[in-house]
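Let's take a walk through this structure together, one piece at a time. Keep the 3D view open and turn it as you read.

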Amino acid sequence: MAMHKGRGISAIEYPTGMNQNGDPSQAWIKMKPDGRVDVFSGTSDIGNGSKTIQSQIVADTLGVPYDWVTYDNTNTDSSPLCTGTFASRATFVAGMAVKKAAESARTKLLEIAGKELEIDPADLEVVDGEVVAKGAPQKKISVSDVAAAATWTYGELITGTGAHLNPYAPIVDPETGRVEIPPHAAISYAACAAEVEVDDETGDVRVTRLVQCFDVGTAINPTLVEGQIEGGAMQGLGLGVLESCYPYYPSVENRGGQFGAYLAPGMEDLPQVDTLIIENPSADGPYGAKGIGEMANNPQPPAIAAAVYDAIGVWITELPITPERVLRALDAKAEPRRDGKVVIFDEELSVNAVSNGGMRFEVPA
Amino acid sequence: MKAVGARLPRYDGVAHVTGRTQFVDDVRIAGTLWAKALRSPAHHADIKSLDVSKAEAMKGVLAVITWKDVPLLEYGHLSALGIPADEPLLAKDEVRYKGQPIALVAAEDEETAQAAVDAIELEVEEKPALFDVRKAFDSDAPKVHQWGNWYPHFEGEMDRRQIRKGSIDEAFDRADTIIQGVYRPAAIEHVPVETQVCQVVPEADGRLTIYSCTQALYFSMGVVAAHLQVPLNRLKFVGGTVGGGFGGKVDTATETMCSLLTLKSGRPVKWRWTREEEFLCSSTRAPWHMEIADAVTKDGWILGRKMLTLHDSGAYSRFSPYGLTKHSFHHTGAYTIPNLEFDGYVVYTNRVPTTAMRGFGVTSVSFAAETHMSRIAKELGLDPFEIRLKNANRIGDTSPNGVVYTDPSTVPTILAVADELGHELPADYRTMSSERREGEWLPEHLVGQLGNPEDH
């Protein structure tokens with residue numbers, strides 16, 4: 001009876017935005033008479049931090065301090081459409097909508113500033129809350145003064161709207177699944193190593209360390225993206241070794257209807273998590289960002305399964321890798337069937353073993 | 001001072017950790033009624049009779065709704081994409097999963113609402129149920145769904161999602177080894193701290209204000225408007241701050257039924273699922289059944305992949321056809337495999353309908369493809385980093401459905417992890433990049449995979 005250590009790895013990719021696209025987001029912005037900025041977006045914040053991320057994008061695009069920005073996603077009377085917070089789209093697609101709205105508001109801001117400074121708006125830029133003449137920084141006016149002038153002198157409202165839509169990519173050939181335009185907004189990539197300890201007496205699998213590298217495009221907010229990656233890691237760990245609605249799937253018996261009967265990961269399960277960020281900017285996302293919210297729970301389960309094999313020499317390919325499955329696998333010590341150049345694992349799980357002939361998985365001879 | 005790239009604290013962080021954020025359950029509206037649901041006691045049954053008269057007559061009960069009260073009973077999650085609807089908002093003649101809503105009560109307090117639910121007289125006749133997707137195609141399998149046991153409405157009215165690329169026969173013929181495996185990740189719960197909840201308020205002008213925990217305000221507003229057959233200006237969704245969703249709160253699980261109770265009672269109504277309902281009746285991540293056979297060379301090139309996926313959709317379609325399509329687009333994972341034959345089916349069973357969850361469609365195939373990759377490396381006696389690096393998709397490679405990769409990072413992310421672990425690699429792997437393939441990294445079988453340089 002002993003503890004066995006093992007390590008496994010995985011590499012994954014994941015698309016940003018709805019599969020096949022066609023998922024718009026819209027936003028609008030208005031400026032108060034002192035230059036402070038109100039953003040109206042329909043993006044729900046589900047804990048992913050989209051209020052923060054979209055506010056950061058607006059602040060830099062308009063050229064005003066972050067704390068000038070108020071973000072309102074509270075209701076559908078005020079905020080325009082956002083397809084929703086899913087498909088890793090809130091930073092990229094909805095982020096593009098607020099960026100375009102900010103660009104449009106900035107155009108109006110520069111137009112009013114141009115009148116005040118008597119300079120062509122094309123020769124102006126916004127830097128840290130001031131509208132400045134390019135190449136002549138002594139000629140400037142604060143954004144606050146421009147907003148006041150718009151309100152009290154010119155009788156105008158500085159506002160801007162923006163929308164982003166990657167066009168729907170239809171499947172042009174249902175036989176092959178071929179598409180003719182990209183079916184996603186960007187692709188993100190990650191690699192993961194999992195280290196485990198397996199107790200061959202109790203069957204318990206402990207994940208002791210995760211090393212993960214994610215290409216996030218651009219980290220709009222490094223703290224929040226690390227939070228997504230590390231929170232996702234715990235959800236992936238749950239998928240790998242803890243959680244199941246149907247412990248004896250496909251049976252529906254023994255479902256857990258309370259927290260005491262359903263093992264979601266807790267703090268005691270938290271391994272050492274080492275997070276590495278690569279910034280390989282996307283061509284068309286806001287400031288080069290990609291969406292990585294969902295994929296954060298994808299690389300751990302296969303890395304854990306490989307680590308368990310490394311530790312105890314059995315492949316467990318039904319998740320989660322529970323103590324019961326570990327002990328049964330150790331008892332069975334299953335070997336693949338070898339038939340010529342074909343190596344067949346998991347035969348007992350195949351449709352070929354269970355179906356009464358209605359479905360087969362045949363491999364070319 | 002730049003905001004982008006700065007480690008700014010969360011916009012709503014202080015409010016969250018000091019308990020001052022207003023979630024739906026924190027909304028207090030005077031005169032609010034409580035809703036409770038009568039749910040199916042059976043996995044699969046015909047409804048023989050449903051009598052709500054005793055519940056309606058109870059003191060403190062203001063409204064009871066059944067399928068008869070829904071202007072448009074069936075509206076699909078993907079109706080906006082032209083995919084037909086298959087799920088009634090409230091069960092009519094039949095129940096297809098345990099926990100399926102049949103009737104709802106709105107009453108002065110939670111206890112009265114539950115007592116009224118208990119007073120509803122329901123008679124069902126149980127039918128054989130199907131739980132194993134592998135048996136769904138057999139002639140003796142219980143019949144689960146009006147469209148058959150698997151979804152038949154993919155493009156061209158195909159009954160499966162297919163990917164075809166290159167020649168699978170040639171790849172398997174040329175292979176030194178063919179490695180097969182079966183992968184079955186489990187259904188899991190979203191486990192949001194905030195259970196499904198909504199509060200609907202009838203306004204004096206006839207509008208409904210709907211406090212919602214949806215992840216998608218406009219999507220859910222569209223769903224409610226469709227079922228109620230009203231224009232969008234009759235509804236105001238209030239939300240945008242969600243106490244955990246992970247995909248499960250795209251379902252619009254409560255808003256429509258709560259709105260119907262509000263319209264019928266003329267009073268504000270709140271419906272908050274218990275933790276037990278959240279675990280047992282809310283949709284889950286799908287369980288998946290995946291079989292992979294890879295044609296490989298002895299030095300670790302993957303020439304071809306044949307794959308069968310059975311996606312356990314539960315009793316209705318919801319987002320499953322979308323999820324399976326996404327799955328098929330990514331079934332080669334982070335690698336370029338030139339010869340492909342993928343068949344995927346959305347299979348109906350008598351379990352709670354499955355839905356979107358973080359990584360929808362791809363979490364499953366990441367597990368299958370990557371565990372399979374680890375097995376191939378072990379079987380061939382190759383380093384697990386090296387086999388991944390050589391097959392990794394590169395700039396100019398094409399995806400399963402013919403899209404050219406423009407900025408892949410498979411190579412640098414793997415190298416970064418190897419470096420962090422101190423895992424030693426030969427020089428030609430250590431210096432590999434994502435640039436367009438050439439030399440030893442452009443074997444004959446991948447020449448035809450390279451897209452036009454102008455496409456990337």
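This is a predicted model: local features need pLDDT of at least 70, side-chain atom pairs count only at pLDDT 80 or more; totals for chains, interfaces and linings use all residues.

Strand β6(A) is joined to strand β7 (residues 136-142) of chain A by four bridges, and the two run antiparallel. To see one such pairing, find A:V132, which stands opposite A:K140 in β7(A). Two residues separate β6(A) from β7(A), making a hairpin, and A:G135 in the turn has a positive phi of about 80°.

Strands in a sheet can pair either way, parallel or antiparallel, through backbone hydrogen bonds. For the parallel kind, look where the two chains meet. Strand β15 (residues 342-344) of chain A pairs in the parallel sense with strand β8 (residues 177-183) of chain B, over three bridges. Within that pairing, A:I344 has B:Q180 in β8(B) as its bridge partner.

How many residues does each chain put into the contact? Chain B brings 117 residues and chain A brings 118. On the side of chain B that touches chain A, helix α9 (residues 362-380) of chain B gives the most, with nine residues. Sort that side of chain B by class and you get 54 nonpolar, 32 polar and 31 charged residues.

Let's move on to chain B itself. Chain B has 13 helices and 17 strands, and its C-alpha trace spans about 80 × 70 × 35 Å along its principal axes. Out of its 456 residues, 59% count as buried.

Next, find the open sheet of seven strands in chain B, which has mixed pairing and the order β3-β5-β1-β12-β9-β10-β11. β3 (61-65) and β11 (235-238) of chain B each have a single partner strand, so they stand at the edges with one side left without a neighbour in the sheet. From one strand to the next, the twist averages 20°. Inside this sheet, β9 (residues 197-202) and β10 (residues 208-212) of chain B pair in the antiparallel sense over five bridges, and B:V201 has B:T209 in β10(B) as its bridge partner.

Helices pack here too. Helix α3 (residues 110-119) of chain B packs on the sheet and touches β1 (33-39), β3 and β5 (101-107) of chain B, with its direction at about 25° to that of β1(B). α6(B) lies across β1, β3, β5, β9, β10 and β12 (269-272) of chain B, running at about 130° to β3(B).

The crossing is right-handed. At this contact, B:S220, B:V223, B:V224, B:H227 and B:L228 in α5(B) meet B:E255, B:T256 and B:S259 in α6(B). Those residues divide into three nonpolar, four polar and one charged.

Key:
Residues are numbered from 1 along each chain as its sequence is written. Chains are lettered from A and ligands numbered from 1 in the order in which they are written. A crossing is left-handed if the near helix is turned anticlockwise from the far one by less than a right angle, and right-handed if clockwise. Two residues are in contact if their C-beta atoms, placed from the backbone, lie within 7 Å. Ala, Val, Leu, Ile, Met, Phe, Trp, Tyr, Cys and Pro count as nonpolar, Asp, Glu, Lys and Arg as charged, and the others, Gly among them, as polar. Two strands pair if DSSP finds at least two bridges between them. Axes are lines fitted to C-alpha atoms, for helices over the stretch in contact, and angles run from 0 to 180 degrees between N-to-C directions. A residue is buried if 20 or more other C-beta atoms lie within 10 Å of its own, exposed if 12 or fewer, and partly exposed in between; C-beta atoms are placed from the backbone.
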